Amino acid sequence: MTPIISVKKLTKKYNEEVVLRDVNFEVMKGEILVVLGDSGAGKTTLMSILAGLDKAFEGVVSYSDDLFENSKVPLPIVFQDFDQLLPWYSVEKNILLPYDRKEFTDRDREILSFVGLDTHLHKQPHELSGGMKQRTAIARSLLSDGKVIFMDEPFGSLDTARRQQLQQLIIEINKKYVKTIVFITHDLEEAQLLAHRTLVVGTDGTVKEV
Amino acid sequence: MVTLKWNRLIFIGLLLAGWQLLFISGRYSPALVPSLQSIGGTFTDECLNGQLPKAVVYSIVAIFKGLLWSVAVSGILVLIGSATEWLDDLVEFVVSIAHPLPGIAILPLVILWFGIGEKAVLFVVIHSMLWPMVVTIKAEVKRLKNRYQRVSKAFNLSRFKTVVHIYLVGTVPGIITGAKIAWSRGWRAFISAEMVFGIVGQKSGLGWYLFEQRVYMNAAGLFSGLIAIILCGVFIEQVIFNRLDAWVQLRWR
Amino acid sequence: MKMKKLVAVMVMVALMLMAVGCTEKVAEPQKKVVIAEQFGLAYAPLQIMKENGYLDKALPGYEIEWVKLGNTAAIREAILADALDVGFLGIPPFLIGYDNGMEWGIFTGLSSAPLGLVSNNPAIQTLEDIGRTDRIALPQPGSIQHILLSMAAEKTFGQADYFDKQLVTMKHPDGMNALLAGGDISLHYTSPPFLFEELKEEELSLVVDGNQCFGGDFTFIVGMTTKDFKEDQVAYDALVKAVEEAVQFMNENPDETVELLSNYYDYDKDVLKNYVYEQNIRYTTDVSGVETFVKFMVNNDLLKESIEVDDVLW
C-alpha cells in the first residue's frame, strides 16, 4: 500500500489552545481510514487540514503526485447535516454545481445509478429522505473523480436501517471505484465495520493508530 | 381566496347593521355618517364611471414602480455592504438613521429637491419601502452566508457561482418577504402623501381621491374610497403576496 | 359553541356602538361659545374682537373659547362633530357645507378684500397665456380662490373646469414660497397679506384679480353660526353686536388697530397700516355676492341644489 497523504509533526492551535499535537501518520491509497474520537476532540479540525480547507497549521501535510491528476484542493467532503445541499435546487443541479459540466456524462450516470439516485434526479432536497440527501452529497463528491473522499460523521442523523444501507454503500464504493476514504465517526461499531485502519484522536490532541 | 370564515362574515354583517342603525338614529349628521345605501350607491357609481378604478390602478402602478426601485437599490446597498466590514457598517448606519423617518415627514424636503408631483411622491414611496427591504435582504444574506458558506468553501465554488447560485437565487424568499412588508409601507405612504399634500397631477391615486371627497364634503364618496383602499389592500397583501410567499417557501426551503 | 361566539360578538358590537353614541356633550355647568380663530388680514376684526373682549363683556356668564383650525374643511368637520359654534370662511365653502345638509347660516360679513392670481412668469399676462404645464397653487378645491378662477375660466374659455388638472393644493405661505422659488409653480391664487407681499416682488405680476373673475364686488369672508347657536338668542345677538363693534373700532381707530394687530402679524407697523387701510380691504358687516356664487356653482355641478339667499342669510 502506498501512502497518498503524509502528515508529519502536525500541530494546530486555536488561539493558545492546542487542538492537535505533533501528529504523524499516513493515509494509504485505497483504504478506508476511520478517525475516531469523542466530540470536540479535533477530528473535524484534522479533516479540514487534510482536505486542504484549513491552511493554518504547523507541520507538513504532503500529497502524492498522482492525487492531483483530477483533483484540486480542497478535496471533496461529505458533511453530516443537510445544509450541505442547496434546498432550492434539484438533486441534479446540486450534484453538478461544483463542476463545469452542464450535463451528466455516461460515467456520471453510472455513478448515480450505483449510488441509487437515478430516479430522484429532479427532486428537491425537501422531497428526499435523510438517506437520499446523504447519497446526493456522496454522489457529488464522487463526480470529482478524485482519489480521496472525506466524510465527517455522514450518517449521524440517520436511523439505524438507513445507516446500515449507507455503510454498505461506502464499502462498495471503496471497492468498486478504488476510492480512499477518510471517515470520521464517534461510533465504535461503525468504525469496526468500515475501517481498514483506525486512528483515535484524543482530547489531548494526540493521534494514535489502534 | 381569503378564508371565508363564518365569524368574520357575521362580524362584518353586525358592523354594517350597527352602522345603518347609527344612521337611522340621526345621532350624527349624514355628512358624517351616510346611509349604507348612499355609500353603496356612490361606490357602485364611482366604480362604473371609472373614477375609483382609475385611482386604484394609478396607485398600484405607482407603488409597483417604487417596489422595483427598492429592490434594485437594496441589491446595490447589500452588495456595497458585502464588500468590506467598514462599508457594511456604513450601510447599517445609514439604514438605522433613515428607517425610523416616516415618508411624510421628509416630504417638505423632498418637494424642495424634486418639486411638486409624481417624482416627489415616488421618492417618498421608495424611501418608505427601501429601508425595511434592505434590512430584510441583509438578514437573509447573512443567514445564507452562515449556512452555505461552508459548502461554497469546501467545493471551492467560484465567486460567480457563489453569488449567483447561493446568494441571488437563495435570497428570493427574502426578497418576497421584504417586498410584502415594503408593499404595505409604500401603500400607506403613497395614500398619506397624496392626502396630506393634495398633490394634483394629470392622473392621481386613492389618496387624492379621499382628499377631494373631503373638500367637497362628499361623505359617501369618502367611505367609498376607504372601502376601495381596504379591498385593494386585502387583495394584494392576502391574495397575491401570501400566495407568492407560500409558493416560494415550498420550493426554497 | 357557535351560538356563544355569536352572542359574544354581538355584545361587543353593541358595547362599541353604545360607547360611540354616548359621546354626548357632558352637560356643562357653564355655557360656552366656541369660535374658530383664523389668521389673515381679512380676519382682522376677529383679532380686534378678541383683544378688546367685546364678546366676553357682552356674555359674562359664558366661557368664550377660541380654537385654531387648519383649514375650511376642518371647520366643517368641527361643526359636524358639535365642537364648534362660530366660524369664518369664504362663501363657496359655506355653500358647499349647506348643500350637504349642514345646518348653519351667515350672520355677518367680515371683509371684502382683493384676491388675485399672481404669476412668476412674465410671459403670462392673461389667462390665455397659461399653458397646460403651468401649475396653479391655491388653498384647496372648492375654496373661493378655486371658484373665482373657475368663474374666470368660464368667461374666457367657456369651461369652468379648464384649469382643474393643473391645480396644486397649497396653503398660502407654502404657495407664496413656491412661487418665489420659481420651481414647478407658475401661478398662485391668493389673498391678503400674501397677495400684497407677492406683488411687491418685481418678477411677480398680477394676471387677474378677484373682482374681474367675479364680475363685480363680493364679500370675501363671512361669519357663520350653527342653527343651534342661533337658538340661544342672547349669545347670538351678543355675537352679532361684537362683530359690529369690532368692525366699527377698526374703521374709526386706525392707529390703535395697528397696535393691536401687530401682536398677531409680524410686519412693521407702517407696512401693516398700509396693508390694512390702504390696499382696498373693506371691513364691513354687509354680505354681497351670494346669488352669483350660488348660480355659478349650481350651473357647474358644484352644488346639488339651488339655494335661496334668504335661507342662508340671517
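## Exercises on a predicted two-chain model

In this predicted model, eight of the nine residues of helix 1 (residues 43-51) of chain A are buried, so the helix is largely enclosed by the rest of the structure. Let's work from there.

**Exercise 1.** Find which residues of helix 1 of chain A are buried, then look just after the helix.

*Solution.*
- Step 1: A residue is buried if 20 or more other C-beta atoms lie within 10 Å of its own.
- Step 2: In helix 1 of chain A, the buried residues are Lys43(A), Thr44(A), Leu46(A), Met47(A), Ser48(A), Ile49(A), Leu50(A) and Ala51(A).
- Step 3: Just after this helix comes Gly52(A), with a positive phi of about 90°.

**Exercise 2.** Describe where Lys123(A) lies and what it touches.

*Solution.*
- Step 1: Look in the loop between helix 3 (106-115) and helix 4 (130-142) of chain A to find Lys123(A).
- Step 2: Count the other C-beta atoms within 10 Å of Lys123(A): there are 15, so Lys123(A) is partly exposed.
- Step 3: Leaving out residues up to four places away in sequence, Lys123(A) touches Ser90(A), Val91(A) and Leu128(A).
- Step 4: Arg135(A) is twelve residues from Lys123(A) along the chain, and their C-alpha atoms are separated by 13 Å.

**Exercise 3.** Work out how many residues chain A and chain B each give to the contact.

*Solution.*
- Step 1: Chain A gives twelve residues and chain B gives 16.
- Step 2: On the side of chain B that touches chain A, helix 6 (118-154), helix 7 (159-170) and helix 10 (219-252) are the elements giving two or more residues.
- Step 3: That side of chain B divides into eight nonpolar, five charged and three polar residues.

Key
Residues are numbered from 1 along each chain as its sequence is written. Chains are lettered from A and ligands numbered from 1 in the order in which they are written. This is a predicted model: local features need pLDDT of at least 70, side-chain atom pairs count only at pLDDT 80 or more; totals for chains, interfaces and linings use all residues. A residue is buried if 20 or more other C-beta atoms lie within 10 Å of its own, exposed if 12 or fewer, and partly exposed in between; C-beta atoms are placed from the backbone. Helices (H or I, at least four residues) and strands (E, at least two) are DSSP runs, numbered from the N terminus. Two residues are in contact if their C-beta atoms, placed from the backbone, lie within 7 Å. Ala, Val, Leu, Ile, Met, Phe, Trp, Tyr, Cys and Pro count as nonpolar, Asp, Glu, Lys and Arg as charged, and the others, Gly among them, as polar.
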